[in-house]
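This report describes the fold, the surface and the charged side-chain pairs of one protein. The sequence and structure are shown first.

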Amino acid sequence: SVTEAELSDVLEESPPVAPGSLSSRMQSRIVTVNVIVDYLNYIGVLLPRRGVRSSMQGRETSYWFTLPMMGTASRLIASGRTKVLMKLRWAKYNELKRSVLETGTVTAAKKGSNAGSGKPEEGMPAAFHVRDLLSRGSVKIKETPHGQFIKLVS
């Protein structure tokens with residue numbers, strides 16, 4: 001998170017409106033910070049933290065940096081990871097051939113108002129989820145004469 005004071009420190013080198021006038025410079029900095037905060041808030045990169053407000057004009061003084069659609073992406077990753085793990089749990093010996101496991105796209109069930117439409121939400125490639133599980137240490141690669149197998153770590 002970042003505070004409004006930290007944002008104004010970033011703008012420390014901004015030139016004053018009237019040279020030599022400290023009050024004009026401070027007013028310029030406050031306006032500049034407010035404009036930047038409002039713009040970043042508008043595009044969804046800066047989100048106000050709830051429950052933290054300043055005494056001046058009811059503006060928030062603390063913010064979170066975020067990326068638009070980050071919640072959807074993290075939900076798709078978690079859902080796909082779960083589906084690939086379930087595939088491995090149901091497979092004989094808790095392992096599947098890597099080429100078979102990495103084919104296609106892992107879809108996720110829709111959440112929200114469109115949940116009952118019956119059409120699953122587009123997910124990520126299965127190969128992404130296999131690499132994700134490998135990096136987390138949840139699965140391991142087993143080399144065989146028939147190719148690579150992905151085995152669930154117990």
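**Basis of the description**

Accessible areas come from the Shrake-Rupley method with a 1.4 Å probe, and for residues only the protein chains shown count as cover. On that basis, the protein exposes about 10,400 Å², of which carbon and sulfur atoms supply 59%.

The model is a predicted one: local features need pLDDT of at least 70 and side-chain atom pairs count only at pLDDT 80 or more, whereas totals for chains, interfaces and linings use all residues. Residues are numbered from 1 along each chain as its sequence is written, and side-chain values use heavy atoms, with hydrogens and water left out.

**Overall fold**

The protein comprises 5 helices and 8 strands. Along the sequence, the elements follow the pattern β-α-α-β-β-α-β-α-β-β-α-β-β.

Of the 154 residues, 27% count as buried. Here buried means under 20% relative accessible area, exposed means over 50%, and partly exposed lies in between (1.4 Å probe, protein chains only). A contact is defined by heavy atoms within 4.5 Å. Among contacts between residues at least 6 apart in sequence, 46% join residues at least 24 apart.

Three strands form an open sheet in the order 4-8-7, with antiparallel pairing. Strand 4 and strand 7 are the edge strands, each pairing on one side only. From one strand to the next, the twist averages 30°. Two strands are said to pair if DSSP finds at least two bridges between them; strand 7 and strand 8 (residues 147–152) run antiparallel and are joined by 6 bridges. One of the residues involved is Lys142, whose bridge partner in strand 8 is Phe149. In general, strands of a sheet pair through backbone hydrogen bonds, either parallel or antiparallel.

Helix 3 packs on the sheet, where it touches strand 4, strand 7 and strand 8, and its direction makes about 100° with that of strand 8. Helix 5 lies across strand 7 and strand 8 and runs at about 105° to strand 7. For these angles, axes are lines fitted to C-alpha atoms, for helices over the stretch in contact, and values run from 0 to 180 degrees between N-to-C directions. In helix 5, the buried residues include Ala126, Ala127, His129, Val130, Asp132 and Leu133. Gly137, which follows helix 5, has a positive phi near 85°.

**Salt bridges**

The structure holds 3 salt bridges, a salt bridge being a side-chain nitrogen of Lys or Arg within 4 Å of a carboxyl oxygen of Asp or Glu. In one of them, the side chains of Asp132 and Arg81 meet at 2.7 Å, N to O. Asp132 lies in helix 5 (residues 126–136) and Arg81 in helix 3, so this pair ties together parts that are 51 residues apart in sequence. Both Asp132 and Arg81 are buried.

Another salt bridge joins Lys142 and Glu95, whose closest N and O atoms are 3.2 Å apart. This pair also links distant parts of the chain, with Lys142 in strand 7 (residues 139–144) and Glu95 in strand 4, 47 residues apart. Lys142 is partly exposed at 34% relative accessibility, whereas Glu95 is buried at 15%. Glu102 and Arg98 form a salt bridge at 2.9 Å, N to O. Glu102 counts as partly exposed, at 23% relative accessibility, and Arg98 as buried, at 18%.

**Surface patch and positive phi values**

Tyr39, Tyr42 and Ile43 make a nonpolar surface patch of about 390 Å². Patches consist of residues with over 30% relative accessible area and no salt bridge; like charges are joined within 9 Å and nonpolar side chains (Val, Leu, Ile, Met, Phe, Trp, Tyr) within 5 Å. Tyr39 lies in helix 2 (residues 22–43) and is exposed, with a relative accessible area of 51%.

Which loop holds Tyr93? Tyr93 lies in the loop between helix 3 (70–90) and strand 4 (95–97), and its phi is near 65°, a positive value in a residue other than glycine. With 59% relative accessibility, Tyr93 is exposed. Asn94 lies in the loop between helix 3 and strand 4 and has a positive phi of about 55°, although it is not a glycine. Asn94 is partly exposed, with a relative accessible area of 30%.

How values were computed: Helices (H or I, at least four residues) and strands (E, at least two) are DSSP runs, numbered from the N terminus.
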